[in-house]
Amino acid sequence: MAHAVRSDHRGGVEEGSERSVVIRVGLVGAGTMGRRHLSVLAADPRVTIAGVADGAAAVAREAAESVGARPCATLAALAELGIDAVFITLPNVYHAALVCEAFDRGLHVFSEKPMAITLADARRVAARAKGSGRVYQMGFNRRWSPAYRFLKRQIDAGFVPMSANVKMNDGDMLTPSWYTNVAVCGGFMYDTAIHLVDMVAWLIGPVESVSALGRRSCYPDYDDIAMLLRCPGGRPVAFTTCGHASWAAPQERVELYGDHALAVSEDLDRVRVTTREQPHAPWQQLPSAGELDRWGYVDEDRAFIDACLGHGPPPVTAADAFHSVAVLDAAYASIERGGAVVTVATG
């Protein structure tokens with residue numbers, strides 16, 4: 001199976017200039033998330049979308065036609081089109097097996113979160129990614145959202161978070177339809193809260209241990225969860241998540257507490273920094289070029305293509321993806337043990 005990128009001459013390229021490089025991409029899973037990625041990829045001149053696969057033929061056909069690609073039923077059919085890379089945007093339970101199959105076919109892989117819904121499968125995927133010689137990137141799009149980029153810049157400029165408070169809520173657990181099916185989703189936190197679990201590790205440092213309490217309030221799965229996370233240096237992070245909070249803003253909020261200072265974000269684009277000297281600093285509304293930019297999908301997908309082209313390593317690694325699953329595995333174990341402290345597994 002081909003896995004090298006291809007070069008061709010495109011209209012408007014001046015004689016003697018470098019030939020443009022094209023990545024042939026396929027996508028498996030043409031639901032809402034898959035279509036978001038297709039919209040971004042279709043606008044990237046370095047990408048040719050060769051095919052779109054989905055188990056529902058009509059869904060595959062409609063999505064493929066929207067980007068001038070060929071509809072397929074399986075990853076195997078996509079691979080026959082000579083793709084270099086694949087986006088896996090199926091429900092959570094299918095991620096691990098499809099990622100491993102893609103590596104078997106010599107493909108670069110972008111996988112939507114989570115890496116897997118069991119720690120054992122996450123270990124298997126992480127090991128395969130390490131030994132594949134291919135790019136693997138996890139879909140933690142919030143790392144590119146304006147608010148979280150702002151927080152990261154504050155830290156890079158010298159702000160030291162000593163503790164934090166994190167909230168990640170959903171208005172309901174009705175969409176997607178498999179959300180409350182633990183066998184498919186893995187659990188409530190594997191679908192949304194996992195984003196801010198990754199954010200804690202990115203902004204503060206890897207989570208070392210978890211104590212968690214959970215309650216099944218409105219749904220069959222745990223939909224009210226409070227966690228106490230321990231990060232390097234004993235830094236505590238209080239993390240709450242609710243699956244029935246209504247859709248009132250902010251649905252997500254991160255407060256980083258420094259030396260008599262606070263850096264805070266609400267949702268994806270509202271931020272402020274306060275200090276002892278300036279406790280009433282105004283909120284900033286950060287701009288975005290569009291909704292896909294606001295959610296971080298545009299820069300996320302471009303970063304993956306950059307990595308496929310050899311311009312640098314993927315910014316969200318297999319180790320990052322594994323850690324997020326390990327934290328949730330520890331959290332659910334803690335819930336079952338009545339809030340006992342559980343050490344987070346390492347790779």
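Helices (H or I, at least four residues) and strands (E, at least two) are DSSP runs, numbered from the N terminus. The model is predicted: local features need pLDDT of at least 70, side-chain atom pairs count only at pLDDT 80 or more, and totals for chains, interfaces and linings use all residues. Residues are numbered from 1 along each chain as its sequence is written, and side-chain values use heavy atoms, with hydrogens and water left out.

**Exercise 1.** Locate S246 and P250, and describe the backbone at each.

Solution. Step one: S246 belongs to the loop between β11 and β12. Its phi is positive, about 70 degrees, although S246 is not a glycine. Step two: P250 lies in the loop between β11 and β12 (252-257). The peptide bond joining A249 and P250 is cis, with omega about -5 degrees. Step three: for context, most residues other than glycine have a negative phi, and most peptide bonds are trans.

**Exercise 2.** State the strand order of the open sheet and identify its edge strands.

Solution. Step one: two strands pair if DSSP finds at least two bridges between them. Step two: the open sheet has 9 strands in the order β15-β14-β13-β12-β8-β11-β10-β9-β16, with mixed pairing. Step three: β15 (284-285) and β16 (342-343) are the edge strands, each pairing on one side only. Step four: within the sheet, β8 (residues 163-169) and β11 (residues 235-242) pair in the parallel sense over 6 bridges. N165 stands opposite A238 in β11.

**Exercise 3.** Determine how helices α8 and α11 are arranged.

Solution. Step one: axes are lines fitted to C-alpha atoms, for helices over the stretch in contact, and angles run from 0 to 180 degrees between N-to-C directions. Step two: the axes of α8 (residues 193-203) and α11 (residues 318-336) come within 9 Å and cross at roughly 115 degrees. That makes α8 roughly perpendicular to α11; angles under 35 degrees count as roughly parallel, over 145 as roughly antiparallel, 65 to 115 as roughly perpendicular and the rest as oblique. Step three: with contact meaning heavy atoms within 4.5 Å, I194, V197, D198 and A201 in α8 meet D320, H323, S324, V327 and L328 in α11. Step four: α11 also lies across β9 (209-215), β10 (224-231) and β16, running at about 55 degrees to β9.
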